[in-house]
Amino acid sequence: FFFFARWWEDSRTTAEQRHQFTYLLQNKQIEFVIGGWVMHDEATVTYSAAIDQMTEGHQYILSIFGESGEYNPKVGWQIDPFGASSVTPTLNSLFNFSSHVIARTLR
């Protein structure tokens with residue numbers, strides 16, 4: 001979520017652009033996936049680090065788009081190019097995601 005936050009808070013981002021994004025979000029034409037502040041490392045991550053970065057991203061969503069939780073991510077995503085950790089899908093299920101996608105890059 002770090003890069004979204006940079007765009008959203010950038011002084012060059014206009015109120016109209018924010019409004020257009022919010023419109024797409026409300027109409028379910030765009031959605032947030034995973035919603036962590038960053039994508040945690042899978043090889044050396046601790047539970048607390050994974051949970052903290054996810055919490056920070058989700059709190060940011062709530063602070064911008066309201067406390068209803070309507071726009072909270074519902075899909076987990078895992079993109080580690082070296083292999084998938086079993087920790088991430090486990091945590092994603094605890095975050096109440098409805099699905100989980102593993103996308104490994106091809107070499």
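1. Does phenylalanine 3 count as buried, partly exposed or exposed? In this predicted model, phenylalanine 3 has a relative accessibility of 65% and therefore counts as exposed, since the cut-off for that class is over 50%. Phenylalanine 2, at 33% relative accessibility, counts as partly exposed.

2. Overall architecture. The secondary structure of the chain amounts to 4 helices and 2 strands. Their order along the sequence is α-α-α-β-α-β. The C-alpha trace spans about 40 × 30 × 25 Å along its principal axes.

3. The chain has 107 residues, of which 33% count as buried. Among contacts with a separation of 6 or more, 57% are made by residues 24 or more positions apart.

4. Aromatic pairs. A pair of aromatic rings is described by the distance of the centres and the angle of the planes. With ring centres required to lie within 6.5 Å, the count is 20 aromatic pairs. One of these joins phenylalanine 2 and phenylalanine 3: the ring centres are 5.2 Å apart and the planes stand at 80°, so the pair is edge-to-face.

5. A second pair, with another geometry. The rings of phenylalanine 32 and phenylalanine 65 have centres 5.7 Å apart and planes at 45°, so this pair is classed as tilted. Phenylalanine 32 belongs to the loop between helix 2 (15-26) and helix 3 (47-65), whereas phenylalanine 65 belongs to helix 3; the pair therefore ties together parts that are 33 residues apart in sequence. Phenylalanine 32 and phenylalanine 65 are both buried.

6. The aromatic cluster. Which residues do ring pairs link into a cluster? The members are Phe1, Phe2, Phe3, Phe4, Trp7, Trp8, Phe21, Phe32, Trp37, Tyr60, Phe65 and Tyr71. Both pairs described above thus have their residues in this cluster, including the exposed phenylalanine 3 and the buried phenylalanine 32 and phenylalanine 65.

7. A charge over a ring. Arginine 18 is placed over the face of tryptophan 8, at 5.8 Å from the ring centre. Trp8 is itself among the residues of the aromatic cluster.

8. Surface and charge. The side chains include 7 positive and 11 negative ones, and the centres of the two sets are 7 Å apart.

Note on methods. Residues are numbered from 1 along each chain as its sequence is written. This is a predicted model: local features need pLDDT of at least 70, side-chain atom pairs count only at pLDDT 80 or more; totals for chains, interfaces and linings use all residues. Side-chain values use heavy atoms; hydrogens and water are left out. Rings of Phe, Tyr and Trp (its six-membered ring) pair if their centres lie within 6.5 Å; planes under 30 degrees apart count as stacked, over 60 as edge-to-face and the rest as tilted. Buried means under 20% relative accessible area, exposed over 50%, partly exposed in between (1.4 Å probe, protein chains only). A charge sits over a ring if NZ of Lys or CZ of Arg is within 6 Å of the ring centre and within 35 degrees of the ring normal. Contact means heavy atoms within 4.5 Å. Lys and Arg count as positive and Asp and Glu as negative; His and the chain ends are not counted. The place of a charge is taken as NZ of Lys, CZ of Arg, CG of Asp or CD of Glu.
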